[in-house]
Amino acid sequence: MTTMGLQLTNVSKYYGEGSTRVCALENVSITVEPGEFVAVVGPSGSGKSSFLSIAGALLKASEGEVTLNGLPLSKLSDKELSSIRLQEIGFIMQSSNLVPYLQVLDQLLVVKKMAGKISAEDKAYAVKLLEELGLGAKLKSFPEELSGGEKQRVAIARALMNHPNVILADEPTASLDTKRAHEVVSLIANQVKTRRIAAVMVTHDERMLEYCDKVYHMEDGKLQLTKQVHLAH
Amino acid sequence: MFLAMKEILHSKMRFSMIVIIFVMMAWLVFILSGLGNGLSSLAASAFKNMKADYVVFEQGAQSSMSKSLLSEQLVGEAEKLPNVLAAAPMGSTMATALKGDSTNNDDKVDIAILGILPGSFLEPAVIQGDPLSNENLTAVIVNDSMKDEGFQLGDTFKLDGSTVALTIIGFVEDQTYNHLPAVFIPMPEWREIAFAAPGSDKGIEGPVNAIMLQGSDIDPDTISSKLTNTDTVTRAKAVQGMPGYKEESGTILMMLAFLFVISAFVLGVFFFVMTMQKTNQFGIMKAIGAKNGFLSRAIVSQVFVLSLVSIVIGVLLAYGTAAIMPKGMPFMLDTKLVIVYSIVLLMIAVLSSLVSVRKITKIDPLQALGRVE
């Protein structure tokens, strides 16, 4: 039974119609189990973004099925998809993409606010998360006062706020220097292991692959497994 | 509310500029409404404050006192008609009061002379002095604004172009007519003044300008058909028939209406531009799971808070303006109107933000990933 985690089965994605039809993804199948950290590398234009968007319930596949924790996504309405994104998926985006007018702690709380009310527990959890990620002293800072690495760590905390089952990271190290990049990716790897989350990271950065359990290569919409580390347990 | 307030507190500068613009517009709305209200009360407060419900004019008078001439005999007939509780005649004429024998410019004051029967329901209550009497026909009660012109209780003034001298025996308040202070005078003396020229009464016996009726559920058509050559209208319509009244209040109303339309556009565009700038942010929030409702509520509540603050400041400024306006200025804030216009402004602001809400629902969360293929 491998219904937990994230599963894509024969997913294809086309853009346009007729002669202008472009195939962004072709028969992509992948299973990411809880606690597994998977990297997808490939040149730009290879379909990585489409892949991540479809896995993240932002885009519907033209063919095939995406299953999240055993729940097929193709039949869901837009509203249900946005609930799935809120409850099940944590996004870590290219340039952190924090809300500019919210303090670090509020960045996390707004996620709870989207789902309804903020409880005292949520607040305590948010503080704990931020402390774990070394941001205990920055709770009241605005994004403009943070360094790139700190911003990215806030984004990681935000992604973890709703206890997601899946984490999707889109070039999380794009704007960071090597030291910070290692910091950030090892943090993600760490959280993925301890919280048993299925994680996918799209990256250009070959240096970061050492943290991943599996590495897939994507080219012209096709996905290929290129490296597999046996899980150490 | 969460996002709305956090953002307002973070970008105080940007939001205070919007508030300033909104305050100015609200202020202007209230000032215009105060002026309109002041002018219309100056034009017709004597009419508006009368305890009459209907007015009988001569047929073809277009609800205007100055175009109407009736015989006092009709008063008795009117009283007998169904639903009519009381009827009283009234006459009006414009004149100039001369203080003593002075020839100074300042000592000539335009007045509106209103002829009524002493003791009838048309006579306003005096706030100082005595009411009109049938014995002393040259004793008059006048609006208290004449005090500002230097007239006092017991003063006698002459009318320009006439030998008549009138004595002030009482003051009344809020009685102006055609923008002029009203002077209430017993009917017989009014006739002396109004029809001083032989033949100007067209030979009518006991001429009056109009007959005011008291009573509810009066059918104007019935009255008009029972009394020959008459035209009966409600008091409100008679006010509209005063010379210049419709034009004056129409001008103010038109300015207000345009102001409302302009506010709607200005605010709508402001909120829209602000929303456009935040497209990316909203996209991110949508990507991490925010529903349209959550973001729309953030926008609308933000607009609501900004509008409320602006309108409250606007109201305070308007009342502040009223306090420092010179006394002669026809400026009168009507609490009821202020509340109505506040609500209208609030609704306009919130409605204009709906354009932005529509924009939000169309934002594609894919944009948040920074690259759409």
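Reader: Which residue of strand 13 of chain B is the bridge partner of Val56(B)?
Author: In this predicted model, Val56(B) is bridged to Thr232(B).

Reader: What makes strand 1 and strand 13 of chain B count as paired?
Author: The cut-off is at least two bridges. Strand 1 (residues 54-58) and strand 13 of chain B are joined by five bridges, so they count as a pair. The two run antiparallel.

Reader: Why is strand 13 of chain B called largely enclosed?
Author: A residue is buried if 20 or more other C-beta atoms lie within 10 Å of its own. In strand 13 (residues 230-234) of chain B, four of the five residues are buried, so the rest of the structure largely encloses this strand.

Reader: How do you know how confident the predictor is in chain B?
Author: Its mean pLDDT is 88, and 98% of the residues of chain B reach 70 or more. For the complex, the predictor gives an ipTM of 0.85 and a pTM of 0.79.

Reader: What makes up the contact between chain A and chain B?
Author: Chain A brings 26 residues and chain B brings 22. On the chain A side, helix 1 (48-55), helix 2 (78-88) and helix 3 (104-115) each give two or more residues. By class, that side has 13 nonpolar, eight polar and five charged residues.

Reader: And how is chain B divided into domains?
Author: Domain 1 is 2-44 + 246-369, and domain 2 is 69-208. Their centres, over C-alpha atoms, are 48 Å apart. Four residues from domain 1 of chain B and five residues from domain 2 of chain B form the contact.

Conventions. Residues numbered from 1 in each chain as written. Chains lettered and ligands numbered in written order. Predicted model: local features only at pLDDT ≥ 70, side-chain atom pairs only at ≥ 80, totals over all residues. Domains from an automatic or database assignment. Contact = placed C-beta atoms within 7 Å. pLDDT = per-residue confidence, 0-100. Nonpolar A, V, L, I, M, F, W, Y, C, P; charged D, E, K, R; others polar. Buried ≥ 20, exposed ≤ 12 C-beta atoms within 10 Å, placed from the backbone.
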